[in-house]
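User: Please take a close look at the side-chain contacts in this structure, covering charges over rings, aromatic pairs and salt bridges.

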Amino acid sequence: MERELQNVHWKKADTGMSSGIVERLKRFFATQYGIGRQAAQEDAGRAFRVKYNCFQELLESNSELLKIIADMETKQDGRELFGMAYLRSQTSRAVFHAMRMIRAFEGLSGRKCPALGALVERIREDIKLAMGVRQDAADAAFVLPLTRVTATMVDEVGGKCANLGEVGNRVGLPVPRGFAVTTAAFRAFFAASGLGEEIARIKLTLSLDDPASLAAVSEEIQHLILRAELPSAVSAAIEEAHRDMAADIGASPADLMVAMRSSAIGEDGELSFAGQYLSILNVPATRLLVSYKYVAASLFTPRAISYRVLKGIADDDVAMSVACLEMVESRAAGVMYTRHPLHPDEDRVIINAVWGLGPYAVDGVVNPDTYEAARDGSGVAAKRVTDKPVMLVSVPGGTLAEKPVPQELRTMPCLDDARIRELAGYGLSLERHYGCPQDVEWALDPKGRLVILQSRPLAMASGSDGGESAGHCARPDIPEVTGHEVLAAGGETAYPGVGVGPVVHVRRDEDLEAFPQGGVLVAGHSSPKYMVVMPRCAAIVTEHGSVTGHMASLCREFGAPTLLGVPDALAALPPGEVVTVDAWTRRIYRGRVEALAGLDVPREIAMRDTPVHGVLMRVLAHVAPLHLLDPKSPQFNEKSCSTIHDIMRLLHEWSYAEMFRISDMASGQSGMAMRLDAATGLDLYVIDLGGGVADGGGARGRVTPQEIVSRPFLALLDGLVLGEEQLRTPRPVHLKGFMSVLGEQMMSQPRADGQRFGEKSYAIISDKYLNFSSRVGYHYGVLDCYCGKTVNKNYITFSFKGGAADDVKRARRARGIALILERLGFTVEVTGDRVAGRFQKFGAELIEDRLRSMGRLLQFTRQTDMLMVGEDSVTAMAECFFTGACQFTAEGMGK
């Protein structure tokens, strides 16, 4: 052969023969002797695989988009937890998979879709706008003296500073001197350091239900903030404001110690953020800037991240202002509630007090004194003075220390009656000014002056509004409990209710990481850091703490039944012991007390109407709505798409048509196909795209059913391969119908819709995919299927047309097949002699079951057009199929 081609080349050189003739001769010899045939077959194989791989990618992204949309839509009712990191992640994934579907379809079809790509880019920009990133004015001040701050300036200085300025400037009560480092300074810091983008990237790894993930993400973000450099303009503004404050006080900057207190956006407003952010006391001038960064970084402590997520607060809506206040060296300090948080109908002001600085009161380190003052100003109604063994004090050099309380003061009240009445009067003034009960932190300075450190709305128990009814806090009828041992009793109820579960001791932060759902948290001291597991807690019990502490406020927000100040709780409640905590009667029982368990009220996360929920609804409008409903509609096209869901629906539908056409490529590719050795009645060839035939199978161009490993093809073969009885039984012939068909073929002219389709049939397979085309005489059937573990990817599409009979008989058979498909659960469409059906989004086992039926159907419907001699044959054909018969007979039909 090579010599003959060489002769052609020499002949061209000798005679000057044109290149066109030479090329034709080359093609002739190549065709005659098979040169290039293998290369052509390899090219065809690659083409099949490219199309199949593109189809696989399209199906995968379609399945992922369905999950994303479904997951986002389930968040609409506000009962599931999510945050801005979730929205950024999900919308980013949605855009990615939409673009991937476009690219996959372009590879599958061989045509570009620029309009769809441009639409996805527009949707991406619309989503960014829906996220609503806040921008600050370029000329906003980095610091503001508190003398210029009021409650209207919450966006500039945060809730704590705004309230403190309001208390001093509008209410007229004593507050510390100081200034606010504004949110503009915070945003300038983040913008100059690129912190926003880095934090958003880190938070994509956050798993909300995993405390260990929270801790890891928190640590990485806080380290990032602490390593970042403050802009010089921000540093200079803070240091200058500190010098000005020192001059006003008459002290040198080096001697002026300050308290750096968090004042984040949203803090001390409708949501308390109690104890979530950092305050640093006794800060010297040398640590002013680093302390500012520590407070800013506290936006991302585990409990702060968790709190914002649980309350539906977007990170873009949060910024940290810092109150830089003159340090109050308090003799005593504590918290005041202008109403009882559980029993607002009681006409009392509740005041807690400890010696020294206030954190030991709000953090539950010391059980404080409790005083109750009458709201009408008539005097002190009740006192409970505790043993206060230690106190927190500031020491030279800018540190804090715990010191023992002098023995003579341990059991002495921190406040006398006059100061109790004075402080209660301050509280009622604040309540009148703000129009709602207040949670107030206060201090008694060395000169004996009462100073207000902060005021915020009081977190009342669920259902309480400060009126005469306590709503959900109304005590139910508590049944008498007998036969159950009381393990512990006493303390104070921070939030009422009943909780049942195993005891979990929490002594270190690490103990929170593995806290189980439904556990009873037992600890030595109350702490706001327990908030990260409050949604999991059946109940909370601590040995120390008070109802006016930060944790008590959080327990009321999250509805966790809580007892504080229970003596020796850690010793009395062993780890793993199942207990029933009755926070109504302040008793803890061994085991599950069924009579009390029914009093527990299920807690739900209420995200509806939170800021993040609003962002979800805006974003979802660009992702989830589906406008392309009917594939047969003229509006089912690119121009009608406006959402991610529309694009997904359009491409998914178009992809079916493209994969249907893959069977046409198989014609003429017998060289790359293996003939199936099985009794099917078809001249059937198999093309393996990969993983459809066992290793070593298909030797010498032939393959047996035993060598097939394709899941969908094996199922189809179960119904397609003929049994011994079918092989022995000849197909019935209806004489009248047969003569009609014969006459039709003799008399009719060749028509486009009556052409013979050839005799070869093809199965293009992989491990999970099947494209089966049955071309027998005048019949043409195509079945396309994906059968795997992912329900949303699975489908069967089927189309059957043609026949040798007249139009009426072919149409009757189409309607008979349609009845069978409908009984099998297919969505069906019939047009003339063509029937098309789809069965999708079912488990693999059900897909396999339907494929077996389809294999039977392909055998059952062969040569049935001649039997469709009357309208009754349509239903008779369907009924016969479901009897299990292997073929349709003419019995009972018109002769």
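Analyst: R111 lies over the face of W654, at 4.8 Å from the ring centre. This placement, like the others described here, comes from a predicted model. A second contact of this kind involves R823, whose charged end sits 4.1 Å from the centre of the F882 ring, over that ring.

The ring centres of F881 and F882 are 5.2 Å apart and their planes stand at 90°, an edge-to-face arrangement.

Eleven aromatic pairs are counted in the structure. One of them joins F839 and F842: the ring centres are 4.2 Å apart and the planes meet at 15°, so the pair is stacked. The angle is what decides this, because planes under 30 degrees apart count as stacked. F839 is buried, with a relative accessible area of 2%, while F842 is partly exposed at 30%. Elsewhere, ring pairs connect F55, Y769 and Y795 into a cluster.

The salt bridges form the next part of the picture. Side chains of opposite charge can pair when their charged atoms come close. The structure contains 35 salt bridges. In one of them, R410 pairs with D387, and their closest N and O atoms are 2.8 Å apart. This bridge links distant parts of the chain, since R410 belongs to the loop between β11 (399–404) and α14 (417–434) and D387 to the loop between β9 (380–384) and β10 (390–395), 23 residues apart. Both ends are partly exposed: R410 has a relative accessible area of 23%, and D387 has one of 40%.

Another salt bridge brings together the side chains of E577 and R590, with an N to O distance of 3.1 Å. E577 is located in the loop between α16 (569–572) and β20 (578–582), and R590 in strand β21 (residues 587–590), so this bridge ties together parts that are 13 residues apart in sequence. E577 is partly exposed at 22% relative accessibility, and R590 is partly exposed at 32%.

The salt bridge between R810 and D833 has its closest N and O atoms 3.0 Å apart. R810 lies in helix α24 (residues 807–823), whereas D833 lies in the loop between β29 (827–831) and β30 (834–840), so the pair ties together parts 23 residues apart in sequence. Here both partners are buried: R810 has a relative accessibility of 3%, and D833 has a relative accessible area of 16%. D833 still counts as buried because the class takes in values under 20%.

Methods: Residues numbered from 1 in each chain as written. Predicted model: local features only at pLDDT ≥ 70, side-chain atom pairs only at ≥ 80, totals over all residues. Heavy atoms only, no water. Phe/Tyr/Trp six-rings, centres within 6.5 Å; stacked < 30°, edge-to-face > 60°. Buried < 20%, exposed > 50% of the residue type's maximum accessible area, 1.4 Å probe, protein only. Lys NZ or Arg CZ within 6 Å of the ring centre and 35° of its normal. Salt bridge = Lys/Arg side-chain N within 4 Å of Asp/Glu carboxyl O. Helix = DSSP H or I, 4+ residues; strand = E, 2+ residues; numbered from the N terminus.
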